[in-house]
Amino acid sequence: MPDTSVVEITEEDISTDSGGPRKRASARRPRSLWHDPVATTLVLAIALVVIGALLTAVFAVLNGSISLGAAPPATFSAAMVQQAQGSVKTDNDAASFQKLITTQVDNGDIPGALVSLQNAKRQKFDLTQTQMIDFCQAYIDQSSGQTDAAVKLYQQVMTNLMKAYETEKAKGGDTNWALAYGVPNNYYISASQLAYIFQSGKDYNNVVKYLTLYLSNTSGATDASALIDRGNAYLLLGQKNKAKQDFQNALKYIPDDADATAGLKKAEGK
């Protein structure tokens, strides 16, 4: 009778083409990349960065910051101007014009800034936006050495912005910009510019006056450079205690600053 018992066959009994035993390549199947949470997070993060970069480039082309086929800006300053020009094309608001004009002035391009100023003046802006354009005019005057004209215009900007703020604040309401945002920032920036004009003219009382206005703003309260400049003005006015306080506050934000340290020693009589 034929033997019908089952014979157990193992992997060792299955021969390969070469006649040797077939060996299992791996005891376990490799896990998929997507089953590894760390690897998955890393891949997704890289993908988001790449997508973000592509979207930024596309937006830059659309708003004119980057022109396809044009040579890239030669310097960082030129790139900043080009970016500001793109913002003007896209937004056409007073803030964009202010950024463009001040960037051009900072780069020494006064003629270009004057052209941009004339373009801005052709636009129809409300009172607070118009003050941005007047600020730009004052900034150009200051950089061109026309300090008297700059002082007059900065002071006018500050007066008009404060009036606009007080008028709007008195109206009340949920959509009140004065209650939501406070005094427009150009009020404080104008004050800082006036302080440095008066500093050049050695009018230290006005330096203290306008730097105090500037430092009263939340964004300027921790400006160590402004604190040091006001401290030096106090020193020259003989007000050593106030100078000492400014230098000490400046050192809180920039420890071991050479100017603040030297000023503090003078204020303490050392």
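Hi everyone. Let me start with one word: a residue is called buried when its relative accessible area is under 20%, and exposed when that value is over 50%. Keep that in mind as we look at this structure, which is a predicted model.

We'll begin with helix α12, which runs over residues 258-267. Its buried residues are Ala260, Gly263, Leu264 and Ala267. How do these buried residues sit when you look down the axis of α12? They fall within an arc of 100°, so they line one face of the helix. There is a handy general rule behind that kind of pattern: an α-helix has 3.6 residues a turn, so residues three or four places apart point the same way.

What do the buried residues of α12 pack against? Their partners are α10, residues 224-236, and α11, residues 240-253. On the face turned away from the buried side you'll find Ala258 and Lys266, which are exposed.

Have a look at the ends of this helix, too. At its start, a side-chain oxygen of Asp257 comes to within 3.1 Å of the backbone nitrogen of Asp259. Just after α12, Gly269 has a positive phi of about 75°.

The structure has two of them. In one, Arg230 pairs with Asp246, and their closest N and O atoms are 2.7 Å apart. Arg230 belongs to helix α10 and Asp246 to helix α11, so this pair ties together parts that are 16 residues apart in sequence. Both Arg230 and Asp246 are buried.

The salt bridge between Glu168 and Lys171 has an N to O distance of 3.5 Å. These two residues are three apart in helix α6, which puts about one helical turn between them. Are they buried or exposed? Glu168 has a relative accessible area of 15%, so it falls under the 20% cut-off and is buried. Lys171, at 59%, counts as exposed.

In general, nonpolar side chains in soluble globular proteins tend to be buried together. Here the largest nonpolar core has 55 residues, and among those with the most contacts inside it are Ile101, Tyr154 and Phe247. Helix α6, residues 147-171, gives the most to this core, with eight residues.

Let's finish with Tyr154. Leaving aside residues up to four places away in sequence, Tyr154 touches several others, including Phe135, Tyr139, Leu194 and Ile197.

Note on methods:
Residues are numbered from 1 along each chain as its sequence is written. This is a predicted model: local features need pLDDT of at least 70, side-chain atom pairs count only at pLDDT 80 or more; totals for chains, interfaces and linings use all residues. Side-chain values use heavy atoms; hydrogens and water are left out. A nonpolar core is a set of buried Ala, Val, Leu, Ile, Met, Phe, Trp, Tyr and Cys residues joined through side-chain atoms within 4.5 Å. Buried means under 20% relative accessible area, exposed over 50%, partly exposed in between (1.4 Å probe, protein chains only). Helices (H or I, at least four residues) and strands (E, at least two) are DSSP runs, numbered from the N terminus. Contact means heavy atoms within 4.5 Å. The arc is that of the directions from the helix axis to the C-beta atoms. A polar contact is a pair of N or O atoms within 3.5 Å; within protein, one must be able to donate a hydrogen and the other to accept it, and residues adjacent in sequence count only if both atoms are side-chain atoms. A salt bridge is a side-chain nitrogen of Lys or Arg within 4 Å of a carboxyl oxygen of Asp or Glu.
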